[in-house]
Amino acid sequence: MRDRPWPMLPIVTAWWTLYGVASTSQWLSMEGADGKVMPLRQAATLGFASAWLWIPMTLLLLWCVRRFPIEHGRAWRSALVTLAMVLLLVVLRAGAVIALNPWVGWYQAPPPYSDVLMTSLANNFLLLWLIVGAAHALLYAARARQRERQAEQLQAALVEARLQALASQLNPHFMFNALNSIAEMVHHDPDAADRMLVALGELLRSSLDHQAQPLVPLREELALLRHYLDLERMRLGERLRVDWAIEPRLDERPVPPLALQPLAENAIVHALSLRISPGRLSVEARADGDAIEIAIADDGGHRESTVHHGNGLANLHARLRHLYGEGEWLRLEANDRGGTTARLRLPRREASVGVVA
C-alpha cells in the first residue's frame, strides 16, 4: 500500500462489484407485499448503488490507515483520527442515500435525515471498522514483504562484500608468491624470469577480468589455472608435469573465480617443489548429477605428503561457505599415489550471490 490509495482502485472496485452482484441476487429472491418478485432493473439499481457507494469510502479508509496507522507510539491519536473518519463516512453515506434516493429508490417517501443517519450508523459503523482492520492487515503485510526484500538485499550485499574482501586478500597473497618465484629466477636465468613476468601479467589480467563476479564459466577458471601452471613450469622445469582430464561439456558451468589456483599452489608448494625428480599434477573435472566435481592431485614426491591447509585454502573455504552455505564443498585427502588430492564438489548454482538453483 502506498500513500495514495489509487493503485488499490481496481481491486476495491472488483470487490464491491461482486458485492453488488450478490446484493442484486438477494433483492431478486425477495417477494414484495403483493407476492411479486422485484424487476431485475430495480434490483440491480438497488444492489449496485449500495455496493458502489462503498468504493470511495473504502479508498478513504485505506488512505487514512496508511497515513495514521494504529500502532505503538501513536495508537491513541491514530485511533481518534480513524474514529473521526468512520463517523464522517457514516454521515456522508446517509447524505448520499438522501441525495440519490429519487434515482435509486431506497425509500418510497424520503424519511427525515436523522432517521437515515441512525440507520446508517447501525448498519455501517461495524462494517467500516472491519474495513479498517482489513486495511491494517494489508498495511502490515506490505511492510513485512518490504522488510523481507530489504533483508534479502542486505544479505546479498553483505555476502558480496565479504567475497570481495576475501578476493582482495587472495590477490596480494598470490602476487607475493609469484614475485618470490621470479626473484629466484632473475639471478641465474634472466630470460626465464622475463618470460615469467610476461606470464604473470597475463595471469593477473585474466584474474582481474572476473574477480568481481561471484561465479565464472569453468573454461575461464581453467584458462587462469593454465597461466599459473605455465608460470610454475618455467620455475620448476622438468620437476612439474601436468595431466588434464576435463569433460568438454562442462565449459560453461559456473564456478567460483580463483578457486583452482590455490589448490594447485598448495600441491606445488607443499609437495612438488620439494622434490628433485619430476612430479606430476593432475587436473580432472567431471559432472556428477547436478554437481560438478573437480580434483587436483599430486604424487607427493619420494615420501608420502601430508595434507596441508594454507592461507589460500582457508580463504577458499570461506568463499565457498558464503556462496553455497554450510557443506563439505572442499575435501583434502591422501591419495594412493603418495600425495594429496584436493576435491571440489560444487552444486549447480546461478551466477548471482545468494541464489542457489
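## Second largest pocket

The second largest pocket has a volume of about 300 Å³. A pocket here is an open set of points on a 1 Å grid over the protein atoms alone, where a 1.4 Å probe fits and protein lies on both sides within 12 Å along at least five of seven lines; lining residues have an atom within 4 Å of a point. Grid points are joined across faces, edges and corners, and the volume is the space filled by probe spheres set on the points. This is a predicted model, in which local features need pLDDT of at least 70 and side-chain atom pairs count only at pLDDT 80 or more, while totals for chains, interfaces and linings use all residues. Residues are numbered from 1 along each chain as its sequence is written, and side-chain values use heavy atoms, with hydrogens and water left out.

Of the 14 residues that line the second largest pocket, W15, W16, T58, I131 and A134 lie nearest its centre. Two or more lining residues come from each of α1, α3 (54-67) and α5, with α5 giving the most, six residues. Helices (DSSP H or I, at least four residues) and strands (E, at least two) are numbered from the N terminus. The lining has 13 nonpolar, one polar and no charged residues. In this classification Ala, Val, Leu, Ile, Met, Phe, Trp, Tyr, Cys and Pro are nonpolar, Asp, Glu, Lys and Arg are charged, and the others, Gly among them, are polar.

## Largest pocket

The volume of the largest pocket is about 450 Å³. Its lining holds 18 residues, and S50, R93, W106, N123 and N124 are those nearest the centre. The elements α1 (9-28), α2 (40-52), α4 (75-104) and α5 (113-186) give two or more residues each. Here too α5 gives the most, with six residues. By class, the lining has ten nonpolar, seven polar and one charged residues.

## Nonpolar cores

A nonpolar core is a set of buried Ala, Val, Leu, Ile, Met, Phe, Trp, Tyr and Cys residues joined through side-chain atoms within 4.5 Å. Buried means under 20% relative accessible area, exposed over 50% and partly exposed in between, with a 1.4 Å probe and protein chains only. The largest core has 37 residues, among which L218 and L344 touch the most other members. At least two residues each come from α7 (218-236), β2 (240-246), α8, β4 (279-288), β5 (291-298), α9 (311-324), β6 (330-334) and β7 (340-346). The largest share, six residues, is from α7.

Leaving out residues up to four places away in sequence, L218 touches L250, D251, R253, V255, L260, A285, I292 and I294, where contact means heavy atoms within 4.5 Å. A second, separate core of 20 residues includes W16, I55, I131 and A135.

## Strand β7 and its partners

Five of the seven residues of β7 are buried. Strands pair if DSSP finds at least two bridges between them. β5 and β7 run antiparallel and are joined by six bridges, with I292 opposite L346 in β7. β6 also pairs with β7 in the antiparallel sense, over five bridges, and L332 stands opposite A342 in β7. The β6 and β7 hairpin has five residues between its strands, and G338 in the turn has a positive phi of about 85°.

## Loop residue L258

L258 is in the loop between β3 (254-255) and α8 (261-270). Its phi is near 55°, a positive value in a residue other than glycine. L258 counts as buried because its relative accessibility is 7%.
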